[in-house]
Amino acid sequence: MYDAIVIGARCSGASTALLLARQGHRVLVVDRASFPSDVISTHFLWPHGMSYLNRWGLLDEVLAVTPAHTTVEVVNDGISLTGSVPVELLREYFRDLHGDDSGVVQSYASVRRRVLDQILVDAAAGAGAEVRTGFTVRELVVEDGQVVGVRGRGADGEQVEERARIVVGADGRNSFVARTLGLPKFDERPRCTFAYWSYWSGFDLGPAQLHRRGRLACAVVPTNFDQNMVLVWGPSEWSREFRADVPGNYQRTLDFVSPELGETVRARGVREERIYGTLDQSAFLRPLHGPGWVLVGDAESAKDQCTAIGMTHAFRDAELVSAALDRWLRGAVSIDEAMAAYEGRRRSQNAAAYHDYVCTLAEMRPYRHDELQLFVALRGNQQETDRFIATHADVAPVSEFFQASNLFLLNDAAKESSADHAVFADFAGTSRSYQQNLFA
Ligand SMILES: Cc1cc2nc3c(=O)[nH]c(=O)nc-3n(C[C@H](O)[C@H](O)[C@H](O)COP(=O)(O)OP(=O)(O)OC[C@H]3O[C@@H](n4cnc5c(N)ncnc54)[C@H](O)[C@@H]3O)c2cc1C
């Protein structure tokens, strides 16, 4: 009998297993995948994601093989902002959510999942968790309405049953646990982006760049193996036409959104892998917990990749759920109290506002005139630029940055005017042209 069985051994599952094992609990973590392996995902980590790794003592191992940087550049319709999530906001985030602010770092990195997930799995095993890879859970053991264990098969094909006081579903957006229990999805947002990316050598552009123009976007981020991850994305309504010629439309998107990046990739880039892609990124929430089970990561909260937050959220969930379960497993609180504590932090008003922010961005409608004016107003105001980046990364509350009074103050103090930026020259015409499907 284990204290906890964790299904899924990646960002949310291996981290949960690691933290529970370090707290002295008997943990089994299983995954049908073998490691090292990638998943259909890019892999950018904001500073709070990096800080979680640092809090768990894993950051040095990651940084030994991964380039990191301390700023990001965000370019919207040619309006460039460079900044970083402020350390004091990071500290506040950790104090509010986890009660302490140890381990905060202000760096960014893009860590291949074949690298990161292996480090997490090894750390979980090193902490004493039993790790079974190549093991597929096929049934939940349910007694008197309570999940009490799992049945599954390992690589040898033999069916085994294991029991635990709690089963943690860390099994991704198509969660087996959620489907088996018939859990409903709610706050579903079908509108999302399509995303295609690959890995390129031959150039070094420094820190991460995120570009947006009209309804399309691209990003370039240095990653492992001396390569760059170059990603393009756009509205799902345009995905059918995009897919008609993936390599051609990938380059066409780069050329449209950032002609400089497009030229760099075309002239100097050597593509090291195939172009990966996904269309399935609709957002939803599921119930967090029930008798004998709890969900973490994408299993509970799936959302579009457009703010690159899912892995950091998975780390957050791992720390929150392991702290809650630890108190229950030690007998300090009842399971209901433990789950209420987890739910209280996960279902805060700020979390709801951020979910809405991501889902709205994922619709990929062109920025409005007033939104672009706001980006102009931020130029030359480093403090507010940094606060905007912190808001986009879910470190600072959406409601604080985007409150009307803050936006008025910003515009009043703006050092540049919209006349300095080309997008405003024929704004109506530009907006109309942005509605046309580039790939049709
Ligand atoms: C295109 C794209 C780009 C993204 N880019 C970023 C980014 O830049 N930054 C970021 O932070 N996030 C990004 N994300 C989101 C990120 O990938 C997810 O939020 C993250 O992987 C969630 O981690 P997880 O551990 O909850 O689930 P997963 O990583 O999905 O892991 C679930 C695991 O459960 C296992 N499993 C499932 N069912 C079973 C079963 N029955 N038995 C055994 N094992 C099982 C699977 O094998 C899998 O290994 C992106 C997502 C997409 C789609």
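Throughout this passage, a residue is called buried when its relative accessible area is under 20%, exposed when it is over 50%, and partly exposed in between, using a 1.4 Å probe and protein chains only. The structure is a predicted model, in which local features need pLDDT of at least 70 and side-chain atom pairs count only at pLDDT 80 or more, while totals for chains, interfaces and linings use all residues. Residues are numbered from 1 along each chain as its sequence is written, and side-chain values use heavy atoms, with hydrogens and water left out.

We can start with the overall layout. The domain assignment divides the protein chain into domain 1 (2-66 + 110-187 + 282-354) and domain 2 (193-278); such bounds come from an automatic or database domain assignment. Taken over C-alpha atoms, the centres of domain 1 and domain 2 are 30 Å apart. Contact here means heavy atoms within 4.5 Å, and by that criterion 16 residues of domain 1 touch 18 residues of domain 2. The size of an interface is often given as the accessible area lost when the parts come together. Buried area is accordingly the accessible area (1.4 Å probe) that two parts lose on being put together, summed over both. Between domain 1 and domain 2 this area is about 1300 Å², with carbon and sulfur atoms giving 57% of it. Ile40, Arg112 and Gln305 supply 37% of the area that domain 1 buries against domain 2, more than any other three residues.

The UniProt annotation "domain: FAD-binding", from an unreviewed entry, covers residues 2-349; UniProt positions are given in the numbering used here, feature names are shortened, and annotations may be inferred rather than shown by experiment. Helices (H or I, at least four residues) and strands (E, at least two) are DSSP runs, numbered from the N terminus.

The loop between strand 2 (27-31) and strand 3 (44-45) deserves a visit. Pro36 lies in this loop, and the peptide bond from Phe35 to Pro36 is cis, with omega near 5°. Thr42 is found in the loop between strand 2 and strand 3 as well. With a relative accessible area of 15%, Thr42 is buried. Leaving aside neighbours within four places in sequence, Thr42 is in contact with Trp197, Met229, Leu231 and Met311.

Two strands pair if DSSP finds at least two bridges between them. Strand 4 and strand 7 (residues 108-110) run antiparallel and are joined by two bridges, and Ala68 has Ala109 of strand 7 as its bridge partner.

Two helices show contrasting patterns of burial. In helix 2 (residues 47-55), eight of the nine residues are buried, so this helix is largely enclosed by the rest of the structure. Among them are His48, Met50, Tyr52 and Arg55. Gly57 follows helix 2 and has a positive phi, near 75°. In helix 9 (residues 259-268), Leu261, Gly262, Thr264 and Val265 are buried. They cover an arc of only 160° around the axis, which puts them on the same side of helix 9; the arc is that of the directions from the helix axis to the C-beta atoms. Glu260 and Ala267, on the other side of helix 9, are exposed. The cover over the buried residues of helix 9 includes strand 13 (193-201), strand 15 (216-223), strand 16 (227-235) and helix 8 (246-257).

Most residues other than glycine have a negative phi, and most peptide bonds are trans. Asp144, although not a glycine, has a positive phi of about 50°. Asp144 sits in the loop between strand 9 (136-143) and strand 10 (146-153), in a hairpin with two residues between the strands. Strand 9 and strand 10 run antiparallel and are joined by seven bridges, and Leu140 has Val150 of strand 10 as its bridge partner. At 84% relative accessibility, Asp144 is exposed. Asp394 also has a positive phi, of about 65°, without being a glycine. Asp394 lies in the loop between helix 14 (382-392) and helix 15 (398-401) and is buried, with a relative accessible area of 14%.
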